[in-house]
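Hi,

Here is the structure I said I would pass on. Have a look at it first, and my notes on the aromatic rings follow below.

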Amino acid sequence: MKRIQHIVALLLLLQTSGTAQTVQVKAPRFVRPLVERWATEYGKTHTDFNVRFVQGKEVSDLTLVLSEEEGGVNFGRYAIVPFTARESEAASILADKGLNNKRIKNVFFENDEESKNKEEKAENKLHIYTGCSSLTTSRPYATSYGYAPADYRGKRISGDDQILTQVISQDPLGLGIGTLSNLFDIETGEADKRVQIATLDADKKSLLQSANTLVEAIEAIENHSIEGVGIEKVGFSYDEDDTQLSRFVLWILTDGQQYLHEYGLLTLSQKELTAQQSRIRVQNIAQK
């Protein structure tokens, strides 16, 4: 009898281990807490599903893409905003006129036609910091203004955008760009006391300047077009022939949508979301 019990236990163990799935995910830090939450919630009904984050040249099953041009299946959007140290000299320099699109081009990017007459301008004192990793938001922000990452003025900081937040918080003349999760505490939803969103569109500056919580900032950005705020689609690139991964991504596009705002991301329009959902449903039907 004991021998039979051991054999049954072994068979059950082999069956369980054979169905377990650990998905290797490559994503910037600002999205990782959301992916972890998705894995936790999805795992409640798919008990053998796990995720593991990888970096550098490690092979990934799901790779997060930070713009629509990179392809993949989009699950949401994110905002990129310029920011300074709180109540700093940089914040004061930018307070009056705001950073509209024209000023952003002059302040952030090399521009030979404009630079000759910029020596006396107050914004020329600013220290520009941007990320140089492929997983930072500096690249899609530059592209949205028609520039390459190499066109940024100032210093390139290695590492992710969280390091950029720390650097700028310690420089009274520092100016950089980051996501809402760089500027608000995801756990509490309150604004980071070290930094603040730079004054953007002068006519609508109160919309973001007065946002004390993540919810208020998201509402302002989703309901108003504000110059200086970059909006990019975010998604996953993966083997779309992998049925298990497709089912996970489809879950993200349905049940998983409820967590986006909580982690500082914006939703897609219902039309765009439905298109992404239909795309994966077609795959699953074809494979059955």
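**Aromatic rings**

Searching the whole structure, which is a predicted model, turns up 15 aromatic pairs. One of them is Trp-38 with Phe-75, an edge-to-face pair with 5.0 Å from centre to centre and 90° between the planes. This pair links distant parts of the chain: Trp-38 belongs to helix α2 (residues 32–43) and Phe-75 to strand β4 (residues 73–85), 37 residues apart.

Now for Phe-108 and Tyr-141. Their ring centres are 6.2 Å apart and the planes sit at 70°; planes over 60 degrees apart count as edge-to-face, so that is what this pair is. Here again distant parts of the chain are linked, with Phe-108 in helix α4 (residues 101–108) and Tyr-141 in helix α6 (residues 138–144), 33 residues apart. Phe-108 counts as buried because its relative accessibility is 0%. Tyr-141 is buried as well, with a relative accessible area of 0%.

Which aromatic cluster do Phe-108 and Tyr-141 belong to? They sit in one that also takes in Phe-109, Tyr-145, Tyr-147 and Tyr-152.

One last thing to look at while you have the model open: Arg-32 lies over the face of Phe-53, 5.5 Å from the ring centre.

Cheers

Conventions: Residues numbered from 1 in each chain as written. Predicted model: local features only at pLDDT ≥ 70, side-chain atom pairs only at ≥ 80, totals over all residues. Heavy atoms only, no water. Phe/Tyr/Trp six-rings, centres within 6.5 Å; stacked < 30°, edge-to-face > 60°. Helix = DSSP H or I, 4+ residues; strand = E, 2+ residues; numbered from the N terminus. Buried < 20%, exposed > 50% of the residue type's maximum accessible area, 1.4 Å probe, protein only. Lys NZ or Arg CZ within 6 Å of the ring centre and 35° of its normal.
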